[in-house]
Amino acid sequence: MRNNWSIFLSCCIIVIFLYNKIKTTEPKTDDKPDLDPLNLFVGSAHIVDFEVNNTNTIILNSMAEDTNTGIERTQTTIPLYCLSDKNEKVKPHFYLTDGGQGCSWKNYFVECQFQKVVNSLKLVDNDGYGPEIPLRRPIERKIPLVACLSRSFYFDNWQVLFTALEMYNVMGVSEFSMNIMSINDNIYKVLQLYQQALNLTINPGIVMPMINGKDPNKNSDVMNQIMNNNECLFDYREAAEFLFFVDIDDLIVSDNGNLLDKARELRIRYPYAAGYEFFWKTSEYIHFPSPPLFSIKNMFDGLVVLAPHHSGKSIVVPKRIDRSKLHYVRAMKFKEKPVKSIILPMTEGFTVHFRYEKNIQSTITKLNPGSAADSKGALHYLRNTTVKLLQNIKAARYDNVESQHSVSTSSIQAAHNNFQNRLNDASFYSLVQQLPSELYFVEQFKSCLKKVPPSTIEKPTCASMKYCDIKVNDKVKCTQVKIKYSGYAYRHINVFLATESELVQNMDCNLKVPYVDYVSRVATVLKKHMQ
C-alpha cells in the first residue's frame with residue numbers, strides 16, 4: 001500500500017511541475033506582443049514554390065481579428081513555431097495580404113520557410129502544444145486555363161451559373177474549381193453531373209467557427225471570398241498556364257471568342273505582364289420563371305448593357321502573383337516589386353456583369369393549380385410572352401448601340417447547343433425541371449444591399465453578411481458544408497482550424513456556424529513529456 005501511495009505522490013509532483021512549466025513557457029518573439037490575444041483562423045495550408053532562396057515554403061492561408069482598438073495587426077511574426085516532419089523548427093513570418101477595410105477580420109498569411117522538404121506541419125509552442133495542420137499539395141499536371149469560381153453561399157441563381165459554365169467551356173476554360181458553403185440542393189445535383197463533363201472540382205467552402213461568442217464570417221469582406229480564392233490559387237499555381245478569379249455573375253469574353261487563345265496572344269504582346277484586365281459591362285438579364293423557358297440563347301437575347309465600368313476582372317499568370325484578388329491585379333506586388341497589369345480596350349474583351357435581373361410576371365398562380373390543362377396553358381402563355389419580350393428587347397437594342405453586349409454569337413450558339421444536348425440525357429433533364437423558379441435567396445440579397453451604408457475613405461464599409469438576415473424556407477433543401485473545428489489557446493494567441501470538412505445534401509438552408517472544441521494544453525504536453 002505504501003509503495004502505491006509513493007507512486008501516486010510522485011506522479012502528482014511530476015504533473016504539478018509540468019503544469020507550471022507549461023503555463024510559464026512560450027516562444028520568444030522580437031515583436032512586442034499585443035495587449036489583447038490574437039485570434040487566428042487557418043483556412044488552409046499550402047506547399048508553395050515562390051522560387052526564393054531555394055527554400056521550401058508553406059503558406060497558412062488565414063484570417064485574423066483586429067486588435068481591441070479596431071486596427072489591423074502590424075506585427076511581423078507570431079509567438080509560435082512552424083515544426084516540420086523533419087523536426088526542423090522555424091519562426092513564421094506573419095503579414096497582412098488584404099485589408100477588407102471596415103471589416104474586423106482581415107486576410108493574413110503565416111509563412112514558414114524550411115531548408116528541407118516538408119511533408120507535414122505543426123504550429124507549436126516551446127512545449128510542442130499546437131495543431132498538426134493538413135497540407136494541400138499543389139496540382140502538378142499542366143492545365144492551360146483554370147476558372148476559380150467564387151465561393152457560393154445561400155445560392156440559387158442557377159440560370160446565371162449554368163450560362164457561365166457553358167460559355168466558359170466553349171471559350172477555352174480547361175478546368176473549373178468551386179467552393180460551396182450553401183447551395184440549393186437541386187442545383188448541386190446538376191453540378192454533380194457537370195463535374196466530369198466540364199472538369200469541375202467542387203470543394204467544401206471555408207467557413208470560420210464561432211469565436212468568443214461571435215460569428216466572424218459576418219465581419220469578413222464578402223464572406224471569406226479572398227481566403228477561398230487563395231485556396232484555388234495555391235491548388236493550381238504550379239499547374240495552370242493562366243487562371244482567373246470570377247464571381248458567378250461575371251462572364252469574361254474576348255473578341256476572338258476564345259479566352260485561352262486571347263491570353264496566349266496577350267502574353268506574346270506583353271511578356272512580362274502578370275494580368276490582363278477586362279473591364280465590366282454592367283448588364284440586365286431576363287430571369288425566366290420556369291426551367292422549360294430557360295436556354296443559353298434566351299439569356300443573351302434578353303441581355304441589355306446598362307453601363308461600362310473602368311475596372312473589371314483579370315486573367316492572370318499565376319506564377320507571377322503570390323495571392324488572390326477580388327478583381328484585378330493592379331497595384332499588387334510580388335517579390336517586393338509591382339506587378340505589370342494590362343488593361344484591355346473593350347474592343348478586345350470585357351466582362352459581362354449579370355448584375356440586374358428582370359422578372360417576367362408569371363400567371364401560373366392565377367390559374368387553377370389542380371388542372372393539368374391550365375398548367376399547360378400557363379406554360380404556353382409564358383412561352384409566347386417570353387418570345388415577344390425578347391423580340392422587343394432585341395429591337396430596342398438594335399437601335400441603341402451602347403446597350404449591345406457584343407458577345408461572340410458563335411460562342412453563344414455553341415454553348416446553347418451543348419446545354420440542349422445535355423437535356424437529351426434523362427437524368428440531366430429531370431434535375432433541370434426541378435430547379436427553382438423563384439430566386440428565394442437572390443431577392444433577399446437585393447434587400448441586404450439596400451442596407452449597406454456607403455463606404456468612404458474616412459469610414460470604409462465592410463461588405464459583409466452582418467447586414468443580412470437570411471430567412472430560410474423549410475420546404476427548400478440545401479447542400480451545405482459541415483465542419484468540425486479545433487481550437488488551441490496560448491498566452492498571446494488563439495489558433496482555430498477545421499479538422500474535418502464535407503458537403504452534406506438534403507439539409508435545411510440555414511448555414512451552420514458551430515462552436516469550437518478546444519484541445520487541452522495540459523493533456524497534450526503531459527502526453528509528450530510522458531513518452
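# Notebook: a walk through a predicted model

**Entry 1: Ile412.** I started at isoleucine 412, which sits in helix H8, residues 409–422. I kept in mind that this is a predicted model. Is isoleucine 412 buried or exposed? Its relative accessible area is 9%, and the cut-off for buried is under 20%, so isoleucine 412 counts as buried.

Next I looked up what isoleucine 412 touches. Leaving out neighbours within four places in sequence, I found contacts with Met167, Ile296, Lys297, Phe300, His405 and Val407. I also checked valine 170: it is 242 residues away from isoleucine 412 in sequence, yet the C-alpha atoms are 8.6 Å apart in space. Valine 170 falls in helix H2, which spans residues 158–170. I noted that helix H2 for the next entry.

**Entry 2: the unit around H2.** What does helix H2 make with E10 and E11? I found a right-handed β-α-β unit, made by E10, H2 and E11. The two strands, E10 and E11, pair in the parallel sense, over five bridges. One pairing I looked up by residue: cysteine 148 has serine 177 in E11 as its bridge partner.

E11 also pairs with strand E13, residues 200–204. Those two strands run parallel as well, joined by five bridges. Here I picked out phenylalanine 176, whose bridge partner in E13 is leucine 200.

**Entry 3: how covered is E11?** I wanted to know how many residues of E11 are buried. The count is six of six, so to speak a mostly covered strand. I then sorted the side chains by direction. Glu175, Ser177 and Asn179 point one way from E11, while Phe176, Met178 and Ile180 point the other way, and all of them are buried.

Entry 4: Rolling a probe the size of a water molecule over the atoms shows where empty space is left. The count came to two cavities of 30 Å³ or more.

Which residues line the second largest cavity? I listed Cys148, Leu149, Ser150, Arg151, Ser177, Met178, Asn179, Asn228, Asn229 and Cys232. Three elements give at least two residues each to this lining: strand E10 (143–152), strand E11 (175–180) and helix H4 (225–236). E10 gives the most, with four residues. By class, the lining of this cavity divides into four nonpolar, five polar and one charged. Cysteine 148 and serine 177, the bridge partners from Entry 2, are both in the lining.

Entry 5: Then I went to the open spaces and picked the second largest pocket. Its volume is about 520 Å³. The elements that give two or more residues to its lining are strand E5 (93–98), strand E6 (105–114) and strand E18 (333–334). E5 has the largest share of this pocket's lining, with four residues.

How many residues line the second largest pocket? I found 19, and those nearest the centre are Tyr95, Asp322, Arg323, Lys333 and Glu336. By class, this lining has seven nonpolar, four polar and eight charged residues.

**Entry 6: an open sheet.** I looked at a sheet of four strands next. It is open, with the order E4-E3-E7-E8, and the pairing is antiparallel. Which strands are at the edges? They are strand E4 (89–90) and strand E8 (132–133), and each of them pairs on one side only. E8 pairs with strand E7, residues 121–124, in the antiparallel sense over two bridges. Across that pairing, I found lysine 122 opposite glutamate 132 in E8.

**Entry 7: Tyr515.** Buried or exposed, I asked of tyrosine 515? Its relative accessibility is 57% and the cut-off for exposed is over 50%, so tyrosine 515 counts as exposed. Leaving aside neighbours within four places in sequence, tyrosine 515 is in contact with Met210 and Gly213. Serine 486 is 29 residues from tyrosine 515 in sequence and 9.2 Å from it in space, C-alpha to C-alpha.

**Entry 8: the whole chain.** Last, I stepped back. The protein chain comes to 11 helices and 24 strands. Of its 531 residues, 53% are buried. I also checked contacts between residues at least 6 apart in sequence: 77% of them join residues at least 24 apart.

Methods. Residues numbered from 1 in each chain as written. Predicted model: local features only at pLDDT ≥ 70, side-chain atom pairs only at ≥ 80, totals over all residues. Heavy atoms only, no water. 1 Å grid on protein atoms, 1.4 Å probe; cavity = no way out; pocket = protein on both sides within 12 Å on 5 of 7 lines; lining within 4 Å. Points joined across faces, edges and corners; volume = space filled by probe spheres on them. Nonpolar A, V, L, I, M, F, W, Y, C, P; charged D, E, K, R; others polar. Pairing = 2+ DSSP bridges. Buried < 20%, exposed > 50% of the residue type's maximum accessible area, 1.4 Å probe, protein only. Right-handed = clockwise from strand over helix to strand, strands pointing away. Contact = heavy atoms within 4.5 Å.
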